[in-house]
Amino acid sequence: MSDTVMRVLAGCFGTLIMLATPALAGSDAERMAEIKEKGGCPRCDLRLAELRFLTVEDADFGRANLRETDLKEAVLPNANFKSADFRRAEAERADFAGSDFEDASMRSVDLEKANLSKANFQDADLRDADMNASLAPGANFNGADMRNVILIRSVATGASFDRTKLDDANLERVDLTDASFKRARLRDAKLDRIKAHNADFSGADMSGVRFVSSDLSGANLTDVDFDGALLRRTRLVGADLTGAYNLDPERILGACGDETTKLPRGITLIPCSD
């Protein structure tokens, strides 16, 4: 084999080694270092970037393009993501506690098992988002579009969903104690086995909602539209359904209350056992 051919092959082999070296995910490593140094990257184009495990407090990503970015297990508490593009971003197990996502575009984002405690998602687009097993106590989702979102087994105690669109959302087994859904839209949503002690659903559209083995003790359900809703084995001790309408007695199956439960005319419940 000639020296020239040997040199060409050696060069190609070296190139392959360089391409396979993790450090030459290169530009992303340098980008992460720069983000840490500058405390964020507002208005940056970070599409498809590999930012896994990125750790920065109070970072600024306002209006940044984070579309399809890998942010798995990133630690970015109290960050600014206002009006950022998060569509299809991967942020499983990320820590966004206290972060601001107001007006962010987040359709199909993966926030499974993410820490969203006291985060602000006001008016954000979260359609089709995977938020399964996320932690969102005290989070603000007011006015957000959360149609088809998955929140199974999440914790959203004290969270606010006022005027939020939650059509076809899956909230099975979510802890919604003290949460607020005032004037929210939950058409055909699944709320099976939720814990919603003292939650406020006043004025909500709950047409076609499923409540199976759910606990709504002390909940405010005044003026709620229950057209086509199913209440099966649902606990309504101390709940207030004053002014609730379109409740179908034939779709109230084993739901129970007590002497403190307030019901609209024509609706009765069996007594709850302790």
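Ser160 sits in the loop that runs between helix H2 (27-38) and strand S1 (210-212); helices (H or I, at least four residues) and strands (E, at least two) are DSSP runs, numbered from the N terminus. The structure is a predicted model, in which local features need pLDDT of at least 70 and side-chain atom pairs count only at pLDDT 80 or more, while totals for chains, interfaces and linings use all residues. Residues are numbered from 1 along each chain as its sequence is written, and side-chain values use heavy atoms, with hydrogens and water left out.

With a relative accessible area of 16%, Ser160 is buried (under 20% relative accessible area; exposed is over 50%, partly exposed in between; 1.4 Å probe, protein chains only). Setting aside neighbours within four places in sequence, Ser160 is in contact (heavy atoms within 4.5 Å) with Ala139, Asn140, Phe141, Asn142 and Ser180.

Leu111 is found in the loop between H2 and S1 as well, and it counts as buried at 0% relative accessibility. Its C-alpha atom is separated by 5.7 Å from that of Asp130, 19 residues apart along the chain. Asp130 also turns up among the residues that Leu111 touches, not counting those up to four places away in sequence; the others are Ala91, Phe96, Met106, Leu116, Leu126, Met131 and Ser134.

Now for the rings. The structure holds 12 aromatic pairs (rings of Phe, Tyr and Trp, the last by its six-membered ring, with centres within 6.5 Å; planes under 30 degrees apart count as stacked, over 60 as edge-to-face and the rest as tilted). Phe86 and Phe96 have ring centres 6.2 Å apart and planes at 90°, so this pair is edge-to-face. Both lie in the loop between H2 and S1, so the pair ties together parts that are 10 residues apart in sequence. Phe86 is buried at a relative accessible area of 0%, and Phe96 is buried at 0% too. For Phe101 and Phe121, the centres are 4.7 Å apart and the planes at 0°, so the pair is stacked. Phe101 is buried, and so is Phe121. Phe86, Phe96, Phe101 and Phe121 belong to one aromatic cluster with Phe61, Phe81, Phe141, Phe161, Phe181 and Phe201.
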